[in-house]
Amino acid sequence: MRTINSSNIKIEVVKDKVEGGKFAFDHIKKAMEKNALVFGLATGSTPETLYKELRESELDFSDKIAVNLDEYIGIGSEHPQSYAYFMQEQLFNEKPFKETHIPDGLAPEEAEIERYNTVLENNPIDVQILGIGTNAHIGFNEPGTSFDSTTHKVALTDETIEANKRYFESKDEVPKYAYSMGIASIMAAKKIIIMAFGSNKADAIEKTVNGPVTEEVPASILQKHQDVIMIVDEEAASKL
């Protein structure tokens with residue numbers, strides 16, 4: 001492991017996603033030792049090694065609160081490709097939390113956005129876990145999303161749909177919309193841990209760390225946060 005310091009982002013370069021999961025776990029454990037209560041959680045393949053470490057650990061989340069980044073619109077929590085289902089399988093079944101909050105993909109838009117913003121207001125996030133898209137999206141906040149955004153309905157880009165089609169039987173089955181925590185909501189977290197593995201993330205990581213802060217590169221706003229840990233493998237860090 002080697003460390004790169006760039007602006008406000010501390011970058012930890014690890015061998016692979018397995019080692020990355022262990023390093024992220026260490027940061028979660030340290031946060032819990034400092035009485036972190038609310039954890040913002042991400043889905044997708046990136047955090048799976050972290051969730052494996054958490055499942056196999058002695059850490060107790062029974063008094064903690066989980067708040068998830070996003071959920072597809074149009075599928076319910078029992079759908080095997082919903083993010084609610086993913087979180088049950090990856091973490092909650094073995095590590096129950098006191099409370100878990102995930103957007104409801106079947107709820108009416110206006111009411112659900114209001115509800116989830118209230119959830120976030122009532123549960124300020126201590127540690128937020130993030131992945132990053134090849135276009136530098138965080139959550140489902142695609143390029144062009146306002147840095148002032150809170151919970152909102154997102155029209156997924158073709159690039160994101162293409163990246164997610166591997167989880168469905170066909171591209172046509174991938175939902176076209178999602179509810180997502182907004183960028184302002186993400187930035188309100190006290191600490192952010194962003195993870196990225198693989199050469200296909202190298203461009204996004206380079207722009208996030210070294211590029212201008214612009215809404216066309218959503219993750220670039222992390223340069224403005226006071227406490228960001230970036231955990232990347234050598235391939236994802238190859239353009240830094």
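Select N68, in strand β4 (residues 65–68). Strands here are DSSP runs of E with at least two residues; helices are DSSP runs of H or I with at least four residues, and both are numbered from the N terminus. This is a predicted model, so local features need pLDDT of at least 70 and side-chain atom pairs count only at pLDDT 80 or more, while totals for chains, interfaces and linings use all residues. Residues are numbered from 1 along each chain as its sequence is written, and side-chain values use heavy atoms, with hydrogens and water left out.

**Stop 1: around N68**

Is N68 buried or exposed? N68 is buried, at 0% relative accessibility. Buried means under 20% relative accessible area, exposed means over 50%, and partly exposed lies in between (1.4 Å probe, protein chains only). Now show what N68 touches. Leaving out residues up to four places away in sequence, N68 contacts L41, A42, T43, M87, F92, H101, I102, P103, Y116 and M181. Contact means heavy atoms within 4.5 Å.

**Stop 2: the largest pocket**

Which helix gives the largest share of the lining? Colour α3: it supplies five residues, the largest share. At least two lining residues each come from α2, β5 (70–72), α3 and α5 (158–164).

**Stop 3: helix α2**

Select residues 48–55, which form helix α2. Its buried residues are T49, L50, Y51, E53 and L54. An α-helix has 3.6 residues a turn, so residues three or four places apart point the same way. What covers the buried residues of α2? The cover includes α1 (17–33), β3 (38–41), α3 (83–92), β7 (127–130) and β10 (191–196).

**Stop 4: a parallel pair**

Go to strand β2, residues 9–14. Five of its six residues are buried. Show strand β11 (residues 228–233) beside it: β2 and β11 pair in the parallel sense over six bridges. Two strands count as paired if DSSP finds at least two bridges between them. Start at I9, whose bridge partner in β11 is V228.

**Stop 5: salt bridges**

How many salt bridges does the structure hold? There are 12. Each is a side-chain nitrogen of Lys or Arg within 4 Å of a carboxyl oxygen of Asp or Glu.

Select E12 and K10. Their closest N and O atoms are 4.0 Å apart. E12 is buried, with a relative accessible area of 5%. K10 is partly exposed, at 33%.

Next, select K64 and D63. Their side chains meet in a salt bridge of 3.9 Å, N to O. Here K64 is buried, at 9%, and D63 is partly exposed, at 42%.

Then take K191 and D227, with closest N and O atoms 3.2 Å apart. This pair links distant parts of the chain: K191 is in strand β10, D227 is in the loop between α7 (202–210) and β11, and they lie 36 residues apart. K191 is buried, with a relative accessible area of 15%. D227 is partly exposed, at 27%.

Finish this stop with E162, K165 and K171, which are linked in a network of salt bridges.

**Stop 6: two positive phi angles**

Most residues other than glycine have a negative phi. N35 is not a glycine, yet its phi is positive, about 70°. Find N35 in the loop between α1 and β3. N35 is exposed, with a relative accessible area of 65%.

Move to A136, in the loop between β7 and β8 (152–155). A136 also is not a glycine and has a positive phi of about 70°. Is A136 buried or exposed? A136 is buried, at 2% relative accessibility.

**Last stop: the annotated span**

Select residues 27–228. An unreviewed UniProt entry annotates them as "domain: Glucosamine/galactosamine-6-phosphate isomerase". UniProt positions are given in the numbering used here, feature names are shortened, and annotations may be inferred rather than shown by experiment. Over residues 27–228 the chain is 30% helix and 16% strand. The end C-alpha atoms of this span are 11 Å apart.
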